[in-house]
Amino acid sequence: MIYDVRTERLPMSALFSLQGAKEAVDPWAGGVLPAFPQTPNTFTDRDGRQLLWIGAETWLLRAPIEQENTLLADLRPADAPEDISIVCVSDTLAFWRIDGEEADQIISIGSPLDVHPSVFPDTAATWTECFGQRALIQRVPGGFDLAVDRSYAPMFDDYLARITA
């Protein structure tokens, strides 16, 4: 079945995994980050940078790839205190934008995640499974961003092409 959706492979994002208590990460990196999300599995956005709360004391900073070198200089991962970890993981995930009238149907086919707006609101982001692989799903205006391990990108290109062909 063909769905009323658009899919687009997105350019690489600058990604940084931040781990540690918020009280430890904030003094070190807070000036570079959007505000910390107040609820798990949500994100905040400031100036094109998004901070996703994706696990216990685990955040993912997502920004345009052009900001990667600036973020490396500002976050100083090698100099971070022992009680936090900051790792550049930009090369680990491939992202797609899935939007359109039936974008939620595509997510529902591939994932057990309930993406109804009442439980997966405008600022939602979480790890789940999609088409049998670990996936990050983030709500965006009109749809979702989906990310999987970069090594599975060709397979996901094929899956998404079949749905929208």
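Two strands are taken as paired if DSSP finds at least two bridges between them. Helices (H or I, at least four residues) and strands (E, at least two) are DSSP runs, numbered from the N terminus. The model is predicted, and local features need pLDDT of at least 70, side-chain atom pairs count only at pLDDT 80 or more, and totals for chains, interfaces and linings use all residues. Residues are numbered from 1 along each chain as its sequence is written, and side-chain values use heavy atoms, with hydrogens and water left out.

An open sheet is formed by five strands in the order E1-E7-E10-E9-E8, with antiparallel pairing. Strand E1 (6–9) and strand E8 (125–130) stand at the edges with a single partner strand each, so one side of each is left without a neighbour in the sheet. From one strand to the next the twist averages 30°; axes are lines fitted to C-alpha atoms, for helices over the stretch in contact, and angles run from 0 to 180 degrees between N-to-C directions.

Within this sheet, E8 is joined by six bridges to strand E9 (residues 133–140), the two running antiparallel. Glu-129 has Arg-134 in E9 as its bridge partner. Strand E9 is in turn joined to E10 by six bridges, again in the antiparallel sense, and Val-140 has its bridge partner, Gly-143, in E10. E9 and E10 form a hairpin with two residues between them, and Gly-142 in the turn has a positive phi of about 85°. Strand E10 also pairs with E7 in the antiparallel sense, over seven bridges; here Asp-99 stands opposite Gly-143 in E10. Six of the seven residues of E10 are buried, and the strand is thus mostly covered. Buried denotes under 20% relative accessible area, exposed over 50%, and partly exposed in between (1.4 Å probe, protein chains only).

Helix H4 (residues 153–164) lies across E1, strand E7 (93–99), E8, E9 and strand E10 (143–149), and runs at about 10° to E7. The 12 residues of H4 reach 16 Å from the first C-alpha to the last, close to the 16 Å expected at 1.5 Å a residue; the expected span is 1.5 Å times one less than the number of residues in the helix. Ala-153, Phe-156, Leu-160 and Ile-163 are the buried residues of H4. Viewed down the axis of H4, these residues fall within an arc of 85°, so they line one face of the helix. The arc is that of the directions from the helix axis to the C-beta atoms. Pro-154 and Arg-162 are exposed on the other side of H4. The cover over the buried residues of H4 includes E1, E7, helix H3 (103–110), E8, E9 and E10.

A further helix, H1 (residues 22–29), has Ala-24, Val-25 and Ala-29 as its buried residues. Down the axis of H1 these fall within an arc of 95°, so they line one face of the helix. The face turned away from the buried side of H1 carries the exposed residues Glu-23 and Pro-27. Among the elements covering the buried residues of H1 are E2, strand E5 (58–64) and helix H2 (68–75).

Strand E2 (residues 13–19) contains Ser-17, which is buried with a relative accessible area of 16%. Beyond its neighbours within four places in sequence, Ser-17 is in contact with Trp-59, Leu-60, Ser-85, Ile-86, Val-87 and Val-89, where contact means heavy atoms within 4.5 Å.
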